[in-house]
Amino acid sequence: ATEENPLVYSELASPTMETSVGEVDYDDDSSGDGVNLNMCSAWTHVFADTLRSIAVLLAGALSYFTHVISAEMADATSALFVSIIIFVSCIPLIQGLWNTFREIRVLRSSPLHAAATASSSASQSV
């Protein structure tokens with residue numbers, strides 16, 4: 001505990017890191033469990049756009065140069081494969097969202113959160 005903030009919740013944090021009530025500090029994550037959800041979602045979006053563009057070019061080239069498959073069928077098939085790959089690449093993002101939800105639920109159910117909420121609402125009413 002610090003003099004500035006006596007309420008410290010560090011069960012979810014690493015033993016050397018103190019975290020204030022309601023804060024989750026991923027900057028100094030020595031355990032490697034923290035996931036930056038913004039970066040993960042941005043990467044997934046860029047990956048999906050790039051993969052779809054490449055698939056459209058390959059499907060178009062395949063249908064134009066080989067005449068083995070129609071352009072509509074090549075586009076639909078490539079869209080299906082790209083969708084499956086994008087879904088699989090979203091698994092880490094979904095896991096990170098679930099972990100964040102669980103951490104918030106634990107923090108909100110802790111007695112320290114109740115004490116911090118009571119003290120902040122008492123200071124606001126003064």
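Predicted model: local features only at pLDDT ≥ 70, side-chain atom pairs only at ≥ 80, totals over all residues.
From the N terminus on, the elements of the protein chain run α-α-α-α.

Figure 1. Residues are numbered from 1 along each chain as its sequence is written, and side-chain values use heavy atoms, with hydrogens and water left out. Helices (H or I, at least four residues) and strands (E, at least two) are DSSP runs, numbered from the N terminus. Of the 126 residues, 19% count as buried; buried means under 20% relative accessible area, exposed over 50%, and partly exposed in between (1.4 Å probe, protein chains only). The chain exposes about 9300 Å², with carbon and sulfur atoms supplying 64% of that; the areas come from the Shrake-Rupley method with a 1.4 Å probe, and for residues only the protein chains shown count as cover. A contact is a case of heavy atoms within 4.5 Å. Take the contacts between residues at least 6 apart in sequence, and 55% of them join residues at least 24 apart.

Figure 2. The score here is pLDDT, the predictor's confidence in each residue, from 0 to 100. Among the elements, α2 has the highest mean pLDDT (92), while helix α4 (residues 111-125) has the lowest (69). Over residues 5-22 pLDDT stays under 50, and the model has 34 contacts beyond four places in sequence for that stretch. Residues 26-30 also stay under 50, with 7 such contacts beyond four places in sequence.

**Figure 3. A salt bridge between Asp-75 and Arg-52.** The rule asks for a side-chain nitrogen of Lys or Arg within 4 Å of a carboxyl oxygen of Asp or Glu, and by this rule the count comes to 1 salt bridge. Here the side chains of Asp-75 and Arg-52 meet at 2.9 Å, N to O. Asp-75 sits in helix α2 and Arg-52 in helix α1 (residues 37-66), so the pair ties together parts that are 23 residues apart in sequence. Asp-75 counts as partly exposed, at 32% relative accessibility, and Arg-52 is partly exposed too, with a relative accessible area of 26%.

**Figure 4. Ser-89, in helix α2 (residues 71-89).** Ser-89 is buried, with a relative accessible area of 13%. Its side chain reaches the backbone oxygen of Ile-86 at 2.8 Å. That is a polar contact (a pair of N or O atoms within 3.5 Å; within protein, one must be able to donate a hydrogen and the other to accept it, and residues adjacent in sequence count only if both atoms are side-chain atoms). Not counting residues up to four places away in sequence, Ser-89 touches Trp-43, Thr-44 and Phe-47.

**Figure 5. Around Ser-63 in helix α1, with His-67 in the loop between α1 and α2.** Ser-63 counts as buried, at 13% relative accessibility. Leaving aside neighbours within four places in sequence, Ser-63 is in contact with Ile-69, Ser-70, Ala-71 and Ala-74. His-67, by contrast, counts as exposed at 67% relative accessibility. Phi of His-67 is near 55°, a positive value in a residue other than glycine.

**Figure 6. Aromatic pairs, including Tyr-64 with Phe-65.** Rings of Phe, Tyr and Trp (its six-membered ring) pair if their centres lie within 6.5 Å; planes under 30 degrees apart count as stacked, over 60 as edge-to-face and the rest as tilted. By this rule the count comes to 3 aromatic pairs. Tyr-64 and Phe-65 make an edge-to-face one, 5.0 Å centre to centre with 85° between the planes. Tyr-64 is exposed, and so is Phe-65. In the pair of Trp-98 and Phe-101, the ring centres are 5.5 Å apart and the planes are at 35°, so this pair is tilted. Both residues lie in helix α3 (residues 91-109), 3 residues apart, about one turn of the helix. Trp-98 is partly exposed with a relative accessible area of 47%, and Phe-101 counts as partly exposed at 43% relative accessibility.

**Figure 7. Asp-49, a residue of helix α1.** Asp-49 is partly exposed, with a relative accessible area of 43%. Asp-49 and Val-82 are 33 residues apart in sequence and 9.8 Å apart in space, C-alpha to C-alpha.
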